[in-house]
Amino acid sequence: MEKEYLEIATLAAKKAGQFLLKNLGQVNTIEYKGITNLVSDMDKEAEEIIVSILLENYPQHQILAEERPNQGPASEFKWIIDPLDGTTNYVHGYPCFAVSIALAIREEIMVGVVYDPLLDEVFSSQKGGGAFLNQKPIKVSETRRLISSLVATGFSYDIITQDDNSLIYFNHMVKHAQGIRRNGSAALELCYVAAGRLDGFWEHKLSPWDMAAGSLMVTEAGGRVTTFTGNLFSIYGDEILTTNGNIHEEMIQIFRQNQPV
Ligand code: IPD
Ligand code: CA
Ligand code: CA
């Protein structure tokens, strides 16, 4: 059955992704959820494409999607959807964005798909079944030390107004890693950890739809996912630290030693 869920999720992610690609550079309306937090008509239309495919196939399932209030009856089956991860990039024509869809059954993430339409890359995973890029198995990198690692992060939209932010971690991490990136799509960055393109990724204050599919991808590719201090990760929590496993403790030390005051 999970195979069928994965197939439907992949179909929906590809349809939405191709729609976004076709309309790149043609955003009509932009609304502001915060000073820098945008939502475009394309986010909403892509979400519509995904939700209609999922509900057509599974009318009883619950939908948790970024651009709409929690929809449908409470169900043990919950689809967690980011129709466009990387909206700021998309609106600026910066080529880095993705569609992210996960299915949680009784709050456990069982299926995840992230689709990058620009590179035509489908990242997919099933709990206990491994992680794949365009159907080929992927695994995390083998890099052993942070100083040899390429890591990534992002910043929540409220960084403009809140002092309690993760800049302090960035300042320290940048001095201990080989390189650091901020791509603007957390879902893709998680998949890049899974595929060994990045050795680690962390971010503060992401939402469930940013992390649900990508976090499963990392664990299924042999990586580790925790909070900044190594505690149990939840998609409803405030912190995500993902690595290839080897550099996890070294990164945790940096978080422990540099707590914001
Ligand atoms: C954002 C992206 C970005 C991250 C932000 C997210 P959105 O999602 O994943 O990389 O730094 O925290 O909110 O708004 O483009 O779907
Ligand atoms: Ca997002
Ligand atoms: Ca989004």
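Colleague: How are the donor residues of the calcium ion (ligand 2) spaced in sequence?
Modeller: The pattern is D-x2-D-x124-D. Donors here are N, O and S atoms within 2.8 Å of the metal (3.2 Å for Na, K and Ca), and water is not among the atoms, so sites may look incomplete. Before we go on: this is a predicted model, where local features need pLDDT of at least 70 and side-chain atom pairs count only at pLDDT 80 or more, while totals for chains, interfaces and linings use all residues. Residues are numbered from 1 along each chain as its sequence is written, chains are lettered from A and ligands numbered from 1 in the order in which they are written, and side-chain values use heavy atoms, leaving out hydrogens and water.

Colleague: Which residues are the protein donors?
Modeller: They are D82 (OD), D85 (OD) and D210 (OD), at 2.1 to 2.2 Å from the calcium ion (ligand 2).

Colleague: Which residue coordinates both calcium ions, ligand 2 and ligand 3?
Modeller: That is D82, and the two ions are 3.7 Å apart.

Colleague: Is D82 buried or exposed?
Modeller: D82 counts as buried because its relative accessibility is 0%. Buried means under 20% relative accessible area, exposed over 50%, and partly exposed in between (1.4 Å probe, protein chains only). D85 has 6% relative accessibility, so D85 counts as buried too.

Colleague: Now ligand 1: which residues come nearest?
Modeller: Of the 17 residues around ligand 1, those are D85, G86, T87, Y157 and E203. Around means that a heavy atom of the residue lies within 4 Å.

Colleague: What does E203 do there, in terms of distance?
Modeller: One of its polar side-chain atoms is 2.6 Å from an oxygen atom of ligand 1. With T87, a polar backbone atom lies 2.8 Å from a ligand 1 oxygen atom.

Colleague: Switching topic, what is the strand order in the open sheet of 5 strands?
Modeller: The order is β11-β10-β12-β14-β13, with mixed pairing. Strands pair if DSSP finds at least two bridges between them, and strands (E, at least two residues) and helices (H or I, at least four) are DSSP runs numbered from the N terminus.

Colleague: Why does one side of β11 and β13 lack a neighbour in the sheet?
Modeller: β11 (179-181) and β13 (224-226) stand at the edges with a single partner strand each, so one side of each is left without a neighbour in the sheet.

Colleague: And how many bridges join β10 to β12?
Modeller: There are 3, and these strands run parallel. V151 is opposite G200 in β12.

Notes:
Polar contact = N/O pair within 3.5 Å; in protein donor to acceptor, adjacent residues only side chain to side chain.
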